[in-house]
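I opened the file to look up how its parts touch one another. These are my notes, in the order in which I made them.

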Amino acid sequence: MALYSRSGRPKPQSGGFELASWYFMRVSGVALFVLAFAHFSLEHFLFDPSEESATWIFNQRWNSLFWRSFDWLLLMMVVLHAFLGMRTVTMDYLKGGRRTLALATLYLVGVVVFAMGTIVVMSVPLTMPG
Amino acid sequence: MLLLRYRGSEGMLAWAFHRISGIAIWLFVLLHVLDIYLAGGNPNVYDDILKFYASTPGRIMEILLGAALLYHGLNGLRIMAMDFWPRLTVYHKQIWYANWIIFVAVGLPGAWLIIKPALGL
């Protein structure tokens, strides 16, 4: 019996990259459920945007290897999950040359976003807490 | 509701909302990586963007973002549960309504906490 769900993508029967990315969407989805909600709660419930600034990020929020690693893991998961998801959406609506162009643009944006996030999370100097 | 009587009923709506919320979150991630990148390169511009996040329209956007995240996350768990325990598919509508109960129970207090400072409370 083929696995099928009422709103998710059916499990690819082909194997290879399609099956691997189907599993990856689910694994990263569980990870993001924890990572993204912890991140959102931290910025909006534990702190408030009115007390946040670049200085606050350097001196407090990112003055910890744990939270930098946490945010970098979130970045990795969200970029892979979001771009694989957008790939599915793109392939549902576009065909031929337009699909190739849209996917190439999508992957390029994904690489740039991942690089930008990685550069900033790693380059801001860590001033160890006193 | 007319929407619930159209063809795919709850399953179709669950799929459509999942897709719309996913695209919306993807757009916010692009904006958010751009703004945090500026925090390293140009802190003054970043502080200006944060002033928008702290304003009333900014807070309404954050509530919508939180709603998209919450729906996408809960419906994602629902999809996974049905993928790995196919017998649950029989109850796909019930699980979807359970998702909405959690959505309201978690979302309303969350939305209140986000908008509260804008109301001076």
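By residue kind, the side of chain B that touches chain A divides into 29 nonpolar, ten polar and six charged. For this sorting, Ala, Val, Leu, Ile, Met, Phe, Trp, Tyr, Cys and Pro count as nonpolar, Asp, Glu, Lys and Arg as charged, and the others, Gly among them, as polar. I then looked up salt bridges across the interface of chain B and chain A, and the rule finds three. A salt bridge is a side-chain nitrogen of Lys or Arg within 4 Å of a carboxyl oxygen of Asp or Glu. One pair I wrote down is B:Arg59 with A:Asp48, a salt bridge whose closest N and O atoms are 2.7 Å apart.

**How to read these values.** The model is predicted, and local features need pLDDT of at least 70, while side-chain atom pairs count only at pLDDT 80 or more and totals for chains, interfaces and linings use all residues. Residues are numbered from 1 along each chain as its sequence is written, chains are lettered from A and ligands numbered from 1 in the order in which they are written, and side-chain values use heavy atoms, with hydrogens and water left out.

**Area between the chains.** The size of an interface is often given as the accessible area lost when the parts come together. How much area is buried between chain B and chain A? I found about 3,700 Å², of which carbon and sulfur atoms give 76%. Buried area is the accessible area (1.4 Å probe) that two parts lose on being put together, summed over both. In chain B, the residues that lose the most area to chain A are B:Arg19, B:Trp26 and B:Asp83, together 17% of what that side buries. The contact (heavy atoms within 4.5 Å) takes 45 residues from chain B and 45 residues from chain A.

**Domains of chain B.** I found chain B divided into domain 1 (25-54) and domain 2 (56-121); such bounds come from an automatic or database domain assignment. The C-alpha centres of these two domains of chain B lie 25 Å apart. Their contact takes five residues from domain 1 of chain B and ten residues from domain 2 of chain B. The area buried between domain 1 and domain 2 of chain B is about 660 Å², with 74% of it from carbon and sulfur atoms. How many salt bridges join domain 1 and domain 2 of chain B? The count is zero. For polar contact, the count between these domains of chain B is one residue pair, both at pLDDT 80 or more. H2 and H3 of chain B each supply at least two residues of the side of domain 1 that touches domain 2. H3(B) gives the most to that side, with three residues. The residues there divide into five nonpolar, no polar and no charged.

**Each chain by itself.** Chain A has four helices and zero strands, while chain B comes to five helices and zero strands. Helices (H or I, at least four residues) and strands (E, at least two) are DSSP runs, numbered from the N terminus. The C-alpha atoms of chain A fill a box of roughly 60 × 35 × 25 Å along the principal axes; for chain B the box is roughly 55 × 35 × 25 Å.

How values were computed:
A polar contact is a pair of N or O atoms within 3.5 Å; within protein, one must be able to donate a hydrogen and the other to accept it, and residues adjacent in sequence count only if both atoms are side-chain atoms.
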